[in-house]
Amino acid sequence: MVETSYKSEQIFEWLSEVADPEIPVLTITDLGIVRDVDCSDGVTVSLTPTYSGCPATEVIEASVVAALEEQGVSDVRIRRVLSPPWTTDWISQEGRDKLRIYGIAPPERREGPIVCPRCESGQTERVSEFGSTACKAAYRCRDCLEPFEYFKCL
Amino acid sequence: MSDNLLMAAYASRLGDNALVLGQRMIELVAASPELEEELANANFSLDYIGQARMFYTYAGKCEGVGRDEDDFAFLRPEHEYRNLLLVEQPNGHFGDSTVRQVLFESWYLHLLEALTRCSDEGISEIAARAIKEVRYHLRHSSQWLLRLGDGTEESHRRVQQSLDNLWKFTGEMFSPDDLDDEMRAIFNGPHLEIIEAQWREDVRAIVEQATLKMPDNQWMASGGKQGRHTEHFGYLLAEMQHLQQTYPGATW
């Protein structure tokens, strides 16, 4: 019997190609929802949901299985982990940059204004704390007058 | 009752609160006063349904006879639902829904907080996940209570009426039954009297800031935790369950 074993770094690299279905500019590793990859017996990928009601959870799980199958990994299991709960602090620096370029202000823990992702002005105002998806708030820039979304801290 | 069955009953009761409230909120989809509100409500109801799924899945696992989340949600009759009467109350006007959310979420937040410290890992993990969501749900519903209470004379009058009408459904949140007692004794579960004091303080602060009056102590309705529901609940279930009850196991 031919035993194929994978290195978890390799699996992580393949998973870094899987896009988040709601914010396709981000991959699931940018988001920080891939918590662990265990290659000791087949491949077990531990994923954590961003929100309990996130409708993307099942889609993401299916995309992970599909992405790994495409690389020839057949024995893939998904484990859902809840603890510790996901936080926006796990979004990578690369992910934050991608969000900004995409037009979404990334989550900021620091005090101060939310900066417009288009013109970098700090003269912005909140239109609604509760935006198009649970994770976003609606903002408007008073300088360039463009509306934009802010990815809230969680 | 074995510890596992106790946990199954407790988890499914938490699932019932989340699912029934989520279903009520879904009824409001396409009926909100403004677009942002529409999206907020829909996203929040999704959070509740997501929480219900986790609680039911866990209940099924503890019970160990192969029931899944859908079995709990769609194939149980009314008297097996153990949710609070408060969450099954109809949406009424926007003030009624807002008050229902504030009263429930102020309680649920403290309950979840206590559950993160219980000795059962399955429940404490779900609670830790859910609490982050409920914290901003409550921020949202409280903001609306402030706007309505401290708004126009008409909105003030109507939302005070909502508060007075729904108040009788709050007693049930704090009167422990056998399941609450066992949960506390065996798993270091929530202490409902402590939660009542915290809740009262939080609700009083919001109500007074909204220039509203706390309702007087009064007769309290109960029965939800024993499966005796108000007449509104059957209609909610009928709509929610109709497809699965007609074609059990149907998928698409």
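In the predicted model, helix α1 (residues 8-15) of chain A lies across β1 and β2 of chain A and runs at about 140° to β1(A). Contact denotes C-beta atoms, placed from the backbone, within 7 Å; axes are lines fitted to C-alpha atoms, for helices over the stretch in contact, with angles from 0 to 180 degrees between N-to-C directions. Helices (H or I, at least four residues) and strands (E, at least two) are DSSP runs numbered from the N terminus. Helix α3 (residues 57-70) of chain A also packs on the sheet, where α3 touches β2 and β3 of chain A, its direction making about 155° with that of β3(A).

The open sheet of chain A comprises 3 strands in the order β1-β2-β3, with mixed pairing; strands pair if DSSP finds at least two bridges between them. Because β1 (34-38) and β3 (76-80) of chain A stand at the edges, each with a single partner strand, one side of each is left without a neighbour in the sheet. The twist from one strand to the next averages 20°. Strand β2 (residues 43-47) of chain A pairs with β3(A) in the parallel sense over 5 bridges, and A:Val45 has A:Ile78 as its bridge partner in β3(A).

In chain B, the axes of helix α2 (residues 35-63) and helix α6 (residues 121-149) come within 11 Å and cross at roughly 165°. The two helices α2(B) and α6(B) are therefore roughly antiparallel (angles over 145 degrees).

Residues are numbered from 1 along each chain as its sequence is written, and chains are lettered from A and ligands numbered from 1 in the order in which they are written. Local features need pLDDT of at least 70 and side-chain atom pairs count only at pLDDT 80 or more, whereas totals for chains, interfaces and linings use all residues.

How values were computed
Two residues are in contact if their C-beta atoms, placed from the backbone, lie within 7 Å. Angles under 35 degrees count as roughly parallel, over 145 as roughly antiparallel, 65 to 115 as roughly perpendicular and the rest as oblique.
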